Amino acid sequence: MKEEKINEKGLSLIYKHKGKRITYESYLKRAPEMARKYCEFVARNAGATYIRWDSKKNKFVA
């Protein structure tokens, strides 16, 4: 997937879900790079329910 398509898909999924929207907006305020990674993760893992940050791998996991 191209970067733009990933962002569009991720944002679409995020803004359809209240909890994901709140999480994403929180990341935007305090850590924009994490917000970008969160958006990409959601785009690639649309069915993921419990998303967490793995500090050892430095990425989101479900």
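Which residues in α2 meet which residues in α3? Let's start there, and bear in mind that this is a predicted model.

On the α2 side we have Lys20, Thr23, Tyr24, Tyr27, Leu28 and Arg30, and they meet Pro32, Met34, Ala35, Tyr38 and Cys39 in α3. Sort the residues of that contact by type and you get eight nonpolar, one polar and two charged. As for geometry, two packed helices are described by the angle between their axes and the distance between the axes. Here, the axes of α2 and α3, the latter being residues 32-44, come within 6 Å and cross at roughly 150°.

Okay, let's zoom in on threonine 23. It sits in α2, which covers residues 18-30. Between threonine 23 and alanine 35 there are 8.6 Å in space, C-alpha to C-alpha, and the two are twelve residues apart in sequence. Buried or exposed, or something in between, for threonine 23? Its relative accessibility is 29%, so threonine 23 counts as partly exposed.

Now lysine 20, also in α2. This one is buried, and yet it has no salt bridge. Where's the nearest side chain of opposite charge? That's glutamate 25, and it is 15 Å away. What lysine 20 does have is a polar atom of its side chain 3.2 Å from the backbone oxygen of alanine 48. If you leave aside the neighbours within four places in sequence, lysine 20 is in contact with Ile14, Tyr38, Ala46, Ala48 and Ile51.

Next, over to the strands. Aspartate 54 lies in β1, and it's another buried residue without a salt bridge. The aspartate 54 side chain does reach the backbone nitrogen of lysine 57, at 3.3 Å. Setting aside neighbours within four places in sequence, aspartate 54 is in contact with Lys59 and Val61.

Last stop, asparagine 58. You'll find it in the loop between β1, residues 52-54, and β2, residues 59-61. What's the phi of asparagine 58? It's positive, about 60°, although this residue is not a glycine. For context, most residues other than glycine have a negative phi. Asparagine 58 has a relative accessible area of 44%, so it falls in the partly exposed class.

Technical notes: Residues numbered from 1 in each chain as written. Predicted model: local features only at pLDDT ≥ 70, side-chain atom pairs only at ≥ 80, totals over all residues. Heavy atoms only, no water. Helix = DSSP H or I, 4+ residues; strand = E, 2+ residues; numbered from the N terminus. Buried < 20%, exposed > 50% of the residue type's maximum accessible area, 1.4 Å probe, protein only. Axes fitted to C-alpha atoms, helices over the stretch in contact; angles between N-to-C directions. Contact = heavy atoms within 4.5 Å. Nonpolar A, V, L, I, M, F, W, Y, C, P; charged D, E, K, R; others polar. Lys, Arg positive; Asp, Glu negative; His and termini not counted. Salt bridge = Lys/Arg side-chain N within 4 Å of Asp/Glu carboxyl O. Polar contact = N/O pair within 3.5 Å; in protein donor to acceptor, adjacent residues only side chain to side chain.
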